[in-house]
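Trainee: I'm new to this one and would like a close look at a single part. Please start with the whole and then zoom in.

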Amino acid sequence: MTAPQPRAHLAHVPAYKPGKPPVAREDLVTYKLSSNENPYPPLPGVVTAAHAAVDTMNRYPDMGNGLLYSGLAQELGVPESHLAAGTGSVALIYQLLTAFCEPGDEVVYAWRSFEAYPIAVSTCGATSVQVPVLADGRHDLDAMLDAITDRTKVVMVCTPNNPTGPALTQTELDAFLGRVPTHVVVVVDEAYLEFVRNADAVDGIATYARHENVVLFRTFSKAYGLAGFRVGYAVAPEPIATALRQVSLPFGVSSVAQVAAVASLEAADALLERVDALVAERDRLQAALAAQGWDLPDAQGNFLWFALGERTADFALACDDAGIVVRPFAGEGCRVSVGETEANDRLLEVAATFV
């Protein structure tokens, strides 16, 4: 008797490896720097709003995300019909590939980049076309253009790039978009946009408004500190946004998550203050590491990238010993989130022994 068999291509889907939590110790406080989480608690007013929403947990959430779309439309100056929500921006990756890719279609993206890309591409039966990043961790945009074929349906651009850190400039992105065929969907994944301090930073809203094939992915998980509530959103021309909503999981974004996201939008001043503090701490780390002799990629997110090669596992183990957990990518390097000051100071101590 033959047992039920899943689709054959699922055998090739890589596993997602989340950042592991620290193990509690009696001798010192441990810190998690492995998941690019915001070390600050929720913004003012968010917990109160979330608690109030819990009182109606016996009811289904608004499947149309009306409150959330209204708040985002006002904040961003875009029509509500150009928005699509999902359980984190990672869910939107799956939604977009489901909507636009048939088995055998190609998806081009830089590598190394966000770990969910190859998983989502394989899940929908499409083919990943991975283009190595440059030595400084930046996207090789010319090589990505060369990788586009008549089978390409989607190009993913992660800026700032997770896990290497650099962000594209508006000049680079404009030149790139000018050469991508207009029938190819270009995703500009901006999960860390609030942390960018480039002089020629990408203006995602203005960019999408000029192109019928550009989609922005954004999230409340990073700067807004709602990682546990899973709220992401896309900004896209209406036909693409409609397609994303058509394939979304019904009732995916919970009522509590929607209310918390809107309350977070209303705490803009506190958000900017916290982001500025994290950027200042990131810059402090970069300067101190440079003084130690490290030559790291330009960090424009809330994390740093150590290209350690064969020393990756040793560095991660040394960090563990110091009470900080980082995210190793075997044989390539370690990504380290910007966390609490004490955690960052311990990172500098470990890094000084590996330079």
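Trainee: Among contacts in the protein chain between residues at least 6 apart in sequence, what percentage join residues at least 24 apart? After that, please take me through helix H11.

Mentor: Quick ground rules: this is a predicted model, where local features need pLDDT of at least 70 and side-chain atom pairs count only at pLDDT 80 or more, while totals for chains, interfaces and linings use all residues. Residues are numbered from 1 along each chain as its sequence is written, and side-chain values use heavy atoms, leaving out hydrogens and water.

Your answer is 73%, with a contact meaning heavy atoms within 4.5 Å. The chain has twelve helices and twelve strands; these are DSSP runs (H or I, at least four residues, for helices; E, at least two, for strands), numbered from the N terminus. Of its 355 residues, 53% are buried, that is, under 20% relative accessible area, with exposed being over 50% and partly exposed in between (1.4 Å probe, protein chains only).

Now for H11, residues 312-321: its buried residues are Thr 312, Phe 315, Ala 316 and Cys 319. Looking down the axis, they fall within an arc of 100 degrees (taken from the directions from the helix axis to the C-beta atoms), so they line one face of H11. Why does such spacing work? An α-helix has 3.6 residues a turn, so residues three or four places apart point the same way.

That buried set packs against strands E9 (303-306), E10 (324-325), E11 (327-329) and E12 (333-337), plus helix H12 (341-352). On the other side of H11, Ala 313 and Asp 321 are exposed. After the helix comes Gly 323, with a positive phi near 85 degrees.
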